[in-house]
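Here is a walk through a structure, step by step. Keep the 3D view open and follow along.

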Amino acid sequence: MKTVYLDNNATTAVDPEVLDAMLPYLRDLYGNPSSMHTFGGQVGDAVETARARLAALLGASPEEIIFTSCGSESDNTAVWSALRTQPEKRHLITTRVEHPAVLNVAQYWEQKDYRVTYLSVDAKGRLDLDEYARALTDDTALVSIMFANNEVGNIYPIQRMAETAKERGVLFHTDAVQAVGKMPIDLSHLPVDMLSLSGHKIHAPKGIGALYVRKGVRFRPFLRGGHQELGRRAGTENVPCIAGLGMAAKLAGEHIQDERVYVAQLRDKLENGIVARVPDCIVNGDPENRLPNTSNIAFKNVEGEAILLMLDQLGICASSGSACTSGSLEPSHVLRSIGVPFNYAHGSVRLSLSHYTTEEEVDYVIERLPGVIETLRAISPFKG
Amino acid sequence: MWSYTQTVHDHFLQPHNAGPLKDANAVGEVGSLACGDALKLYLKISVQGVIEKTGFETFGCASAIASSSVLTEMIKGMTVDEAVKLTNKDIAAALGGLPKEKMHCSVMGQEALEAAIRQWKGEPPVPQAHEEGKLICKCFGVTDAQIIRTIRENSLKSLEEVTNYTKAGGACGDCLNKIAEILATELRQKPFAELKPQPRMTNVQRMRQILKTIDEEIRPQLAVDGGDIELVDVDGRRVLVSLRGRCAQCRSSDVTIRNLVERLLREHVEPDLTVEEA
C-alpha cells in the first residue's frame, strides 16, 4: 500500500540532495572541526558553508547562527540566556498556544518564582495585540511567541510584536520551527533578537536545530563545556547533520515560492474537498492567516484517534489534537485555548503537506476520508 | 503510536454488534461528548433473564470501540446474574490487554453493562457509579464511590493508575489531592480479597442488621443533636427512614441521611444500600 504522508508538521522526508550532502561526513570525512590538522580542518569548512547557507535563508549573518541539537534546545537556550543576562528582571511573556518546548520551560521558570503572562487567543486562535502591549513591563525579561502554530497553522504578527517589544527595550524570541522554509523570513527587517528552528521540519534529518542570536544581544550558553560555536554551545559539532541542514536551507530558499503557490493550492483543494463532502465539520484556526501547508479540521461527534487509525489502514498519515492520541485525557492545549466547541473538539485532525505532496495523493484523501467519518458516525451514539 | 493488540485492531476495524438494537429492553449509557468517550449499550434480555441480543453505539478512540465490541460478544448468551459479575479486567483480558492509559475504556464497558441491567431490573435511575457518592473529578464527573471501586477491583496502587482507569484527575488536576487521600485510605485498608462483599443476606438478616446498626450506631449520634430516626421500610437495597425530633425540622436532613445514615448502613450492613427519606 502506498503511503500518503500528510504529517509534515510532525516531521518531513529527508531530501535526497540533503542526504548526499551529508554522506561524505558519515563516510570518509569524519574529522573533528576543532583539530589542528588538515583532515579535521576541512570538515570545519563544511560547518561554515552550512552556517552561511542557513544565514542566507533567514537574512542573517553567519556569526548570528548557533547550531544546536533540536528546536527544543534552541528554545531552552533562548529563555535561559535572556533570564541569565538580565537577572534583575523577573517577568516572561508567552502564549497559551505555544509549543511545549516553550510552554513547559515557562512553567519551569514560574516555579522558580518568575512571573509569566500567557497571552490568550480568540476563537480563531488569534492573539490580542492590545493585551500583549499591556503585558509588557519594565520587569519583562523576554517575550517568546511562536512564529506559526504547529497545530492549526496560524501565523502570528511577529513583525509588529517584535517592534513593540523593541520600543519597550524588551528582548524578543520567536519559535519559528514551523515557519522556517514555509514562508519567507528576513531577519534584516524583522527586529527579533532570537529565533529557533529545527532541521527535520525542513527536509533535513532529526537531531539538528539552530538558534539565531542577533549581533549585539547579550548571550549566556545553555550547554557549557568546549569552545565550539564561539563558546556559545559546547559539544563536538554534529557535522553530517549540520551539512544536511545547510543543504536543506539552500533548497528551502529555492522552494519558498512553491510553498505559497503549489503547496497552498493543494492544501486548499484538500480542505475544500473534505469540507464539501463531509457534513458537520469546521476548519480550526485562522484560514486568512496561516501556514500554506496546514489544515486542521474538526469533525462533529467522532473521535480523532479512531479517525487516524482508520486513515492509517488506508495508508494516510495524519495527526490529531485529540486527547486519546497523546495519552492525555483532554484535547490539546491549543484546541482548548481556541475553544473549539465540545462536540467537535475530540474529532480534530491535522493534515500538513509539503512540496513533495502530489495532487493524486490529495485526490485520494478527498475520496477516502469522508467514508471514514461516515463509518465512525454510524456507530456514534451522538447524532445530529 | 499506541501498541494495540491484534484483537483490539480487529474489533475496532470490524466491530461486532455495532449499531442500535431496535427491540432492546435494556439500555445503558455512560460517558459524554465533553468527556471524549461515551457508550450506549443495548441488550435484549429474555423473560428468563438471558441476554439474547446485544448492540452498541460508541463515541471514542479505537480502544473504546473495541472494548464495546468485545463486550457485546462476551455477554451474549449469559444470564443477567452472570453478566453483572463481569469486571473491566475481563473486558481488557478478552482484548488481549489494553495500554494502561486506555484502561478507562474497559471500565466504561463495565459501567454501561451495569447500567443496562439495572434499568432492566427496574431499579431506580441511579445505574452509574457516576451518580452515586461524592463528585471528586469535576472535569470527567467521577465520584469517590467509582474511584474506590476501581481501586479495589483492579488493585490500583498509584495516582497515575487511578487516572488511567477512571480518567479522574486527568484534566485540570485540581482533584489530584483528593484522589491521593482516597487512595491512601484504600491502601491502608485490608487487601481486596477480604473486602469482597459477603454472600448476599436474606431479607430477614438484612433487616435485623439494619435495625441493629440504627440502634447501636446511628441513634446515639443523632441523639447528641436532639434528633432521632425511625426505620419505615426495607425494599431490596432501598432503606426508607424517617427522621424525628430535631432532625425532622433540620434543613440539612439530606446531608444527615447521606453522610451519616447511609454511610454507616453501608459500612455495617451492605455496601450498596441506598437510604431515602420516607
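Start with chain B, whose domain assignment gives domain 1 (6–121), domain 2 (129–195) and domain 3 (203–277). The model is predicted. Look at domain 1 of chain B and domain 2 of chain B: their C-alpha centres lie 22 Å apart. Nine residues of domain 1 of chain B are in contact with nine residues of domain 2 of chain B. On the domain 1 side, helix 5 of chain B gives the largest share, four residues. By class, that side of domain 1 of chain B has three nonpolar, two polar and four charged residues.

Stay in chain B and find two helices that pack together. Two packed helices are described by the angle between their axes and the distance between the axes. Helix 1 (residues 6–13) of chain B meets helix 2 (residues 62–74) of chain B at an angle of about 85 degrees, and their axes are 8 Å apart. Helix 1 of chain B and helix 2 of chain B are therefore roughly perpendicular to each other. Which residues make this contact? From helix 1 of chain B come Val8(B), His11(B) and Phe12(B). Helix 2 of chain B answers with Ala62(B), Ser63(B), Ile65(B), Ala66(B), Ser69(B) and Val70(B). Six residues of this contact are nonpolar, three are polar and none is charged.

Now pick out single residues. Thr54(B) sits in strand 3 (residues 51–59) of chain B. Is Thr54(B) buried or exposed? Thr54(B) has 27 C-beta neighbours inside 10 Å, so it counts as buried. Leaving aside neighbours within four places in sequence, Thr54(B) touches Asn17(B), Leu21(B), Tyr42(B), Leu43(B), Thr72(B), Ile75(B) and Lys76(B). Thr54(B) and Ala94(B) are 40 residues apart in sequence, and their C-alpha atoms are 17 Å apart in space.

Arg258(B) has 15 other C-beta atoms within 10 Å, so it is partly exposed. Between Arg258(B) and His9(B) there are 44 Å from C-alpha to C-alpha, and the two are 249 residues apart in sequence.

Move on to the nonpolar interior. In soluble globular proteins, nonpolar side chains tend to be buried together. The largest nonpolar core here has 94 residues. Which members touch the most others? They are Ala306(A), Ile307(A), Ala62(B), Ala116(B) and Ala168(B). Helix 5 (residues 103–121) of chain B gives this core its largest share, ten residues. Apart from this core lies another, of 73 residues, with Val18(A), Ala78(A), Ala179(A) and Val180(A) among them. Go back to Ala168(B) for a closer look. Not counting residues up to four places away in sequence, Ala168(B) touches Ile136(B), Cys137(B), Phe140(B), Val142(B), Ile147(B), Val162(B), Thr163(B), Cys175(B) and Ile179(B).

Just after helix 9 of chain A, Gly315(A) takes a positive phi of about 80 degrees.

How do the two chains meet? Chain A puts 20 residues into the contact, and chain B puts in 22 residues. On the chain A side, helix 9 (304–313), helix 10 (323–326) and helix 12 (342–345) of chain A give two or more residues each. Helix 9 of chain A gives the most, with four residues. That side of chain A divides into ten nonpolar, seven polar and three charged residues.

Finish inside chain A, which is divided into domain 1 (4–11 + 256–378) and domain 2 (16–252). Taken over C-alpha atoms, the centres of these domains of chain A are 28 Å apart. Their contact takes 22 residues from domain 1 of chain A and 24 residues from domain 2 of chain A. Helix 8 (239–277), strand 10 (294–299) and helix 11 (333–338) of chain A each supply at least two residues of the domain 1 side. The largest share, four residues, comes from helix 11 of chain A. Here the domain 1 side has five nonpolar, 13 polar and four charged residues.

Note on methods: Residues are numbered from 1 along each chain as its sequence is written. Chains are lettered from A and ligands numbered from 1 in the order in which they are written. This is a predicted model: local features need pLDDT of at least 70, side-chain atom pairs count only at pLDDT 80 or more; totals for chains, interfaces and linings use all residues. Two residues are in contact if their C-beta atoms, placed from the backbone, lie within 7 Å. Ala, Val, Leu, Ile, Met, Phe, Trp, Tyr, Cys and Pro count as nonpolar, Asp, Glu, Lys and Arg as charged, and the others, Gly among them, as polar. Axes are lines fitted to C-alpha atoms, for helices over the stretch in contact, and angles run from 0 to 180 degrees between N-to-C directions. Angles under 35 degrees count as roughly parallel, over 145 as roughly antiparallel, 65 to 115 as roughly perpendicular and the rest as oblique. Domain bounds come from an automatic or database domain assignment. A nonpolar core is a set of buried Ala, Val, Leu, Ile, Met, Phe, Trp, Tyr and Cys residues joined through C-beta atoms within 7 Å. A residue is buried if 20 or more other C-beta atoms lie within 10 Å of its own, exposed if 12 or fewer, and partly exposed in between; C-beta atoms are placed from the backbone.
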